Amino acid sequence: MDKSWMSTDRTKKRYREEVAACLRYAINHLKEEGETYDEFLVLCPCTYCLNLCACSIDDVEDHLFVNGIDQTYTIWSKHGEKDEVITSSRSVNVNNGMHAEFEMGTPTDAPDEYFGMGTPTDAPDTIDMMQAAEEFADDPIKFKKLLEDAENPLYEVCPNFTKLSAIVQLFKLKSKHGASNMFFNELLPLLKDMLPKEGNLMARSTYQEKKILKAMGSRYTKIHACINNCILYWNECKDEKVCPTCKAPRWKVDRDGKVYENVPAKVLWYLDSIPRFQRLFQLKPTTEDLIWHHTTRNKDDVLRHPADSHAWTKIDKNFPEIKGDPRNLRLAVSADGVDVNTGTKHHSVWPVLVVIYNLPLELCVKRKFIMLSLLIDGAPGNSIDVFLEPLVKDFQFLFEKGKRTWDAYAQEMFTLCAVVLWTINDYPALGTLCGCRYAGYHGCVVCRKKTHSIRLHDSNKNVYVGYRRFLPYEHPFRRQKKAFDGKQEWETAPKPMTGEEI
């Protein structure tokens, strides 16, 4: 069965026809197994269910259009298609002094993303990803072992899973449903005993699986922070034991004054974005998507995509070196507080996410392309700039110098640069990020001290008025009605404030 339609746009006629044909294929198989229509429950092959959830035919059809089909599911073994041996040879010739050649078979199942590492779920080939990332591996020995895990089947005759893909799928379920490490440590030995003993590569503990995945680049850095949000203990302050600003101890202190050495009072989790940006360009389909805004986008001056926005155009005008290569990334930063334990602000965290806008509009907001970069312990308040420093330094480096990156689609090295277009946040977070007052009499971050506001004493709330002054002078909404000597008259509202006055 031809599977080339799986990568087709889901709005195309061919995709609709092939989905209908595949569902008929699955239904006929179920009929051969003796199932009745009322009992038809089909494993859903969409990118979310991944053949793990059994749904009705109508639900499967909806999932395939909403989520798309898992493109790594090249043999429909769970829907009646017989297994076939698929082999392909690939060679990757790397220029600029980086020479390597690979020739091996294609696995039938690829791993999903792990902890925001930026690898798409619909990656066509696990081994391709491992090969392309080899040049950027910190430990070649561990990476070679990881590549072997990506090639070796879970057991000798396993048609669908390699050792690596099985581990990643299990970790995805663990994360999705919040399973504890204790549960996982009891589950893994049970799964290993259920599988055939000969050539069984299933790990027996969570610790063993995490060691295998560590080489995939899903690392993070724990940076100690002052309990009062004064500084981060890194760079020139990494060896300090006491905050030089507020003199608070670096380590945790209990109510009795006991100091717990090597237990930080506050921690910032930092996930380096640059290696994950590089990883995006190591897969050919993803690299094609990252230049979509330049090659495929409809350029008719209609606002359909962030590439049509004023901010994007202004960046192109002021920084031609960014515009010169369409592979340079346009980013947005989103930050807001999340109350982990409802009603307990002491347990809140602030995640900082990075969104990539080079992609087609339907992919920009997909979870696999939204990267978690920072996780701030507690509410940072107006000191959020202290915690953003590592991320800002990365963005400065990418904007000013760039990072040498391998392009798997063009088969060449290039210098990857990036620029931040805007931030995404609610109004209180906006006030925190820009360091402005966002409540009270001067609660507008634009007008500031010129904010027009009054206090409603009965409700104890501030009301912001005078907003009509931003409308054009002759706008009908700028006309005010008033009573004068028993007659109703209209008067024109005051002229709008100029930018300098604001």
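Modeller: Here are the labels, each set against its definition.

Modeller: This is a predicted model, in which local features need pLDDT of at least 70 and side-chain atom pairs count only at pLDDT 80 or more, while totals for chains, interfaces and linings use all residues. Residues are numbered from 1 along each chain as its sequence is written, and side-chain values use heavy atoms, with hydrogens and water left out.

Biologist: Thanks! How many helices and strands does the protein have, and what makes a run count as one?

Modeller: The protein has 15 helices and 17 strands. They are DSSP runs numbered from the N terminus: H or I over at least four residues for helices, E over at least two for strands.

Biologist: Why is His305 called buried?

Modeller: Buried means under 20% relative accessible area, exposed over 50%, and partly exposed in between, with a 1.4 Å probe and protein chains only. His305 has 3% relative accessibility, so it counts as buried. This residue is found in the loop between helix H10 (292–295) and H11.

Biologist: What does His305 touch?

Modeller: Contact means heavy atoms within 4.5 Å. Not counting residues up to four places away in sequence, His305 touches Trp292, Arg297, Tyr357, Leu359, Pro360, Leu361 and Cys364. A polar atom of the His305 side chain also lies 2.8 Å from the backbone oxygen of Leu359.

Biologist: And Asp316, buried or exposed?

Modeller: Asp316 has a relative accessible area of 18%, so it is buried. The residue lies in helix H11 (residues 310–318), and leaving aside neighbours within four places in sequence, Asp316 is in contact with Lys323 and Arg330.

Biologist: Why do you say that helix H8 is largely enclosed?

Modeller: Of the 8 residues of H8 (residues 273–280), 7 are buried, so the helix is largely enclosed by the rest of the structure. Among them are Ile274, Phe277 and Leu280, together with Arg276 and Arg279.

Biologist: How do you know that Asp272 caps H8?

Modeller: A side-chain oxygen of Asp272 lies 3.3 Å from the backbone nitrogen of Ile274, at the N-terminal end of H8. A polar contact is a pair of N or O atoms within 3.5 Å; within protein, one must be able to donate a hydrogen and the other to accept it, and residues adjacent in sequence count only if both atoms are side-chain atoms.

Biologist: Which residues bring H5 and H6 together?

Modeller: Leu170, Phe171 and Lys174 in H5 meet Asn181, Phe184, Leu188 and Leu191 in H6. That contact divides into 5 nonpolar, 1 polar and 1 charged.

Biologist: What makes S11 and S12 a pair?

Modeller: Two strands pair if DSSP finds at least two bridges between them. S11 (residues 403–407) and S12 (residues 412–416) have 5 bridges, in the antiparallel sense.

Biologist: Where is Asn262, and why is it called exposed?

Modeller: Asn262 lies in strand S5 (residues 259–264). Its relative accessibility is 62%, so Asn262 counts as exposed. Asn262 also has a positive phi, of about 65°.

Methods. Nonpolar A, V, L, I, M, F, W, Y, C, P; charged D, E, K, R; others polar.
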